[in-house]
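Me: I am new to this structure and would like to learn how to read its features one at a time. Please give me the general idea each time, and then the case at hand.

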Amino acid sequence: MKKKILGGLIALGLIVLSVFLYNLGQRPDREYPSFPLDPENKASTVHDSIPLRDVVVTGNNWDGVITIFDPNTLEIIKKISAMPDREERFTDIYSGFKRRLASGFIRDYIGEGNDQLVDDMFTSNDGRFIYASRPSFADVVAIDVNSGEIAWRTPVEGLRADHSAISPDGKVFLVSASTARKVHAIDVTNGEIIGEFESGDQPHENTYSEDGKRIYHASIGKVYVASPNLDFMKGDRWFQIVDAETYEVIRRVDMKEKLEEAGFEWIDRAIRPMAITKDEKFAYLQISLFHGFFEYDIENDKITRRLELPVPEENKDLSPGDHLLNSGHHGIALSGDDKTICVAGTMDGYIALVDRESFEVTLIELSEDPKKAKPYWATSSKDGTRAYVSISGMDKVTVVDYATKSVVGEVPVGNHPQRVRNGQLRLVD
């Protein structure tokens, strides 16, 4: 009898698992915004006499749309699809068992039920292309901003592409290959992978130094594992300084050790977004599950200060599992003069402006329900006087003035905006 019961339970478990995997691997029935292609205006036909104009580009992760707006008037100039090849890509995904399940996992456990269609993007130096990483498609593409077509496509190793960076000279596009424990360096002229460096589990943030000689990088571990009691399952989470020419790791730091040395014990070690001062003496680090940030002295390799930012009453009992992919706050930037820190208070529904010297805080509340707004990224404007903060839960970018510490504008963008970047484009009317 016991053997029959055990056999029945195993059979039932296998049935449940089969149904779960089957459902996980199904393509959702949904439509995405479409934009007409204009093959007559390929990059090669766009003359240099058409001037470069300053723009801000925003990647809307859940609808695969890139919104381009004017940094001065905040008017939307253009929207383009980050996935004009989506049917081909979805066909690739759903023709193979492994890719099908990986895509379903990304959608259900990382994308909150949505495919992740554009994560990070940067404009080309000549203003004719936008280079974008596409998580669910596990690739990087160069999109012709005038024709809307894809000029080249480069798959990353593994099953997901993530955060990116572009070298100050505009020649190399970095992309984190999430499941391959490495970062690829891609030649923007042809999409060829010309270098790479090793990372920890789930490589994430990439930031170039001002002079382009160093790369600051962090891996975040398996963020779908929430409990600190299961920390051993999250994998390696390192802060790395990398030589941008040779791609050799110059320094690798377990930041939890540095936190403990400074007397700031914390339940996680993974660095999320970071902001580096122009002189590269200090980094401001958001750590998984922490509502605030830590100051890291790069020269002396030690944590020097901690700022705990306010937690709304509604979030006082927030468990690790209630956090969005282990993020307390996700998004941090420095003003152009390095005097003010802008923080996207992701779980707490506010933008925090922090005086870098005194750590005095000004809060800008975004919604009555702290979980509604979900600010997700912060980027300073080209001139450093403003911050652009993506408000992913409300499908907009909020513009904050550093001097007045106030909101000076809002731009409605698309479904779940994440990365926001400055650039220049050569756009045909």
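Reply: Grid points are joined across faces, edges and corners, and a volume is the space filled by probe spheres set on the points. The model is predicted, so local features need pLDDT of at least 70 and side-chain atom pairs count only at pLDDT 80 or more, while totals for chains, interfaces and linings use all residues. Residues are numbered from 1 along each chain as its sequence is written, and side-chain values use heavy atoms, with hydrogens and water left out.

Me: Which residues lie nearest the centre of the largest pocket?

Reply: Tyr208, Glu210, Thr379, Arg421 and Asn422 do, out of a lining of 38 residues. Several strands give two or more residues to that lining, among them S4 (121–123), S8, S12 and S28; helices (H or I, at least four residues) and strands (E, at least two) are DSSP runs, numbered from the N terminus. The volume of this pocket is about 1200 Å³, and its lining divides into 13 nonpolar, 19 polar and 6 charged residues, where Ala, Val, Leu, Ile, Met, Phe, Trp, Tyr, Cys and Pro count as nonpolar, Asp, Glu, Lys and Arg as charged, and the others, Gly among them, as polar. The second largest pocket, of about 210 Å³, is lined by 8 nonpolar, 3 polar and 2 charged residues, and Trp266, Leu289, His291, Val311 and His323 lie nearest its centre.

Me: Which residues have the most contacts inside the largest nonpolar core?

Reply: In soluble globular proteins, nonpolar side chains tend to be buried together. A nonpolar core is a set of buried Ala, Val, Leu, Ile, Met, Phe, Trp, Tyr and Cys residues joined through side-chain atoms within 4.5 Å; buried means under 20% relative accessible area, exposed over 50%, and partly exposed in between (1.4 Å probe, protein chains only). The largest core has 19 residues, and those with the most contacts inside it are Phe239, Met255, Ile271, Met274, Leu285 and Tyr296. Elements that give two or more residues to this core include strand S14 (239–243) and helix H4 (255–261). A second, separate core of 16 residues includes Tyr131, Val140, Ala161 and Val175.

Me: Which residues of helix H2 are buried?

Reply: An α-helix has 3.6 residues a turn, so residues three or four places apart point the same way. In H2 (residues 86–93), the buried residues are Arg86, Arg89, Phe90 and Ile93. They cover an arc of only 95° around the axis, so they sit on the same side of H2, the arc being that of the directions from the helix axis to the C-beta atoms. These buried residues pack against elements that include helix H3 (97–110) and strand S5 (129–134), with contact meaning heavy atoms within 4.5 Å.

Me: What is the phi of Asn326, and what is that of Asp395?

Reply: Most residues other than glycine have a negative phi, and most peptide bonds are trans. Phi of Asn326 is near 70°, a positive value, and phi of Asp395 is near 55°, also positive.

Me: Where does Val57 lie, and which residues does Val57 touch?

Reply: Val57 lies in strand S1 (residues 53–60) and is buried, with a relative accessible area of 1%. Leaving aside residues up to four places away in sequence, its contacts include Ile66, Met121, Ile130 and Arg421.

How values were computed
On a 1 Å grid over the protein atoms alone, a cavity is a set of points where a 1.4 Å probe fits but cannot get out, and a pocket is an open set with protein on both sides within 12 Å along at least five of seven lines; lining residues have an atom within 4 Å of a point.
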